[in-house]
Every structure is written in structure tokens, then in C-alpha cells.
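Let's take a walk through a protein together.

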Amino acid sequence: MLLNFQSLLQDFTSLLYPQLCPACGTSLKKTEKEICLQCEFQLPYTDFHRYKDNPLAKQFWGRVPLHSAMALLYFTKESRTQNLMHQLKYKNQPEIGFYLGQMIGERLLTGHTPLTIDYIIPVPLHQKRQRARGYNQSEYIANGIGAVLKAPVLTKVLIKHKETKSQTKNERFKRFENLEQVFKVLQPTLITAKHILLVDDIITTGATLEACATTLNQHKPAKISLAAAAFTK
């Protein structure tokens, strides 16, 4: 009887406040999780996990040594991916990040080469920015990946100790120059001789990840791999 009442109450609440798909805005069905099934089939997946020398990996050639690099989705303006990332970053829906992270983790398990990850490190936000937003979206993505790969997520090892302005309008070299001295490793012994998976939300020029990987490389990890929810063509 109690279960029937709870189910009825849930149905009534769903009628008044329907949960919407963050990618397309349609109402989610009971069987659907964070994204509707139609969007889950139609999202622009990159399939980068299948190819070692994919476009994202090539973007970092000659910039920073990487074991592998992948992104889940292509990012274009006025697309389902942009809607997803906007809801994740600015509309207080961090659970989208965890869900996308799980999807990334599942692909990493079936990638071109099996990944044995020791630690997952999300790209950090400056503490002022994180307080304003309430969370780090990359951390939620990392937690989703970690849940699938059974790998610990480290959030206190790599920090952003200097605040920077938005880098959106800057070219790659200018972005990297601005970010070169803003990241710091607090517990270097944790990453020495380990395979680290760096996780970000959206990769555009790759300058942020390049700066993070360069900082980590000063402490001699065995390998660094990259994963992101979206990649700008």
C-alpha cells in the first residue's frame, strides 16, 4: 500500500514538475535517466576511444606527451551537446556530469588499448569560482568515470592557486601562456610513477589540459591520459 502511494505521489509530482531532458527539453520517461533515449542515440559521439591517433590526440602532438586522449561528444553551437554542457555548468545540474562520466568510463573499458588508471584527476577550478558555482563540473565527470573504472578520484592533489579571467576569446598560445603558472601539485609523491587520467568538461584549444599535464609532468608520472565530455571541432 505504501509503495503504491509513493508511486502515485511520484507520478503526480512528475505531472506538476516534469523532469526535462537537458539535451532537447522533452519530458523524461520513468525508464529514462538523465538524458532521453532519443538523445542518447542521436548525440554526436566522437568514437575517439577506438583510435589512438584520433583528432584530439593529434591536437596535443608536440605539446605534451600523452598516453591517450579521448572526448565523448563533438561540441558545436546550438546543438544537443551545447545544451547538455550549459545545463551542467550553469544550471546547477552536476548529475549530468556524473552520467556523462559513466558513459566515458564505459568507452574507456572498450577502447583501442586497455587503460589501467591509477588515479583520476579533474581539472581544478579556482576556489573562488568553485564557491560561486557550488561545484566543479569536471569533478562530477571524473567521479562518473571513477565509478566505472574503479579508480580513485583525487581532488586535492592538483589545484588552481591563481585566479584567471575567461580564456574563451584567446588563441591557444595566449591561453597556455596565461595558464602556465596557475596550477600547482600539492602531493607530488602520489602521482610519481602512476598513470594519471586528467578529466575536463570541454576541450577547445586544449591549453588548460596542456598546462595541467605540464605541471603534473614535473613530478614524473608514468603516463598521462586525457578524457573530456566534449571536444570543439
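Here we go from the overall layout to the core, then to one helix, the rings and a few loops.

Before anything else, note that this is a predicted model: local features need pLDDT of at least 70, side-chain atom pairs count only at pLDDT 80 or more, and totals for chains, interfaces and linings use all residues. Residues are numbered from 1 along each chain as its sequence is written, and side-chain values use heavy atoms, with hydrogens and water left out.

Start with the overall layout. You'll find 10 helices and six strands in the protein. Both kinds of element are DSSP runs numbered from the N terminus, with at least four residues (H or I) for a helix and at least two (E) for a strand. Of the 233 residues, 46% are buried. Here, buried means under 20% relative accessible area, exposed means over 50%, and partly exposed is in between, using a 1.4 Å probe and protein chains only. Now think about contacts, meaning heavy atoms within 4.5 Å. Among contacts in the protein with a separation of 6 or more, 75% are between residues 24 or more positions apart.

Next, look inside. In soluble globular proteins, nonpolar side chains tend to be buried together. A nonpolar core is a set of buried Ala, Val, Leu, Ile, Met, Phe, Trp, Tyr and Cys residues joined through side-chain atoms within 4.5 Å. The largest one here has 64 residues, and Leu100, Ile121, Ile145, Leu197, Leu198 and Leu216 have the most contacts inside it. Strand S6 (residues 223–232) gives the most to this core, with seven residues.

Now for helix H4 (residues 80–90). Which of its residues are buried? They are Thr81, Leu84, Met85, Leu88 and Lys89. Looking down the axis of H4, you'd see these buried residues fall within an arc of 115°, so they line one face of the helix. The arc is that of the directions from the helix axis to the C-beta atoms. What does that buried set pack against? The partners are strand S1 (68–75), helix H5 (95–109), helix H6 (127–133), helix H7 (137–149), strand S5 (195–203) and S6. Just after H4, Asn92 takes a positive phi of about 55°.

Time for some rings. The whole structure holds three aromatic pairs. Rings of Phe, Tyr and Trp (its six-membered ring) pair if their centres lie within 6.5 Å; planes under 30 degrees apart count as stacked, over 60 as edge-to-face, and the rest as tilted. Phe48 and Phe231 make an edge-to-face pair, 5.7 Å centre to centre with 65° between the planes. Phe48 lies in the loop between helix H2 (37–42) and helix H3 (55–59), while Phe231 is in strand S6, so the pair ties together parts that are 183 residues apart in sequence. Both Phe48 and Phe231 are buried. Tyr135 and Tyr140 form another edge-to-face pair, at 5.8 Å centre to centre and 80° between the planes. Tyr135 is buried, with a relative accessible area of 6%, whereas Tyr140 is partly exposed at 31%. Ring pairs also link Phe48, Tyr74 and Phe231 into a cluster.

Let's finish in the loops. Asn136 is in the loop between H6 and H7, and it's buried, with a relative accessible area of 4%. Glu78 sits in the loop between S1 and H4 and is exposed, with a relative accessible area of 78%. Lys220 lies in the loop between H10 and S6 and is exposed too, at 62%. Neither is a glycine, yet Glu78 has a positive phi of about 55° and Lys220 has one of about 60°.
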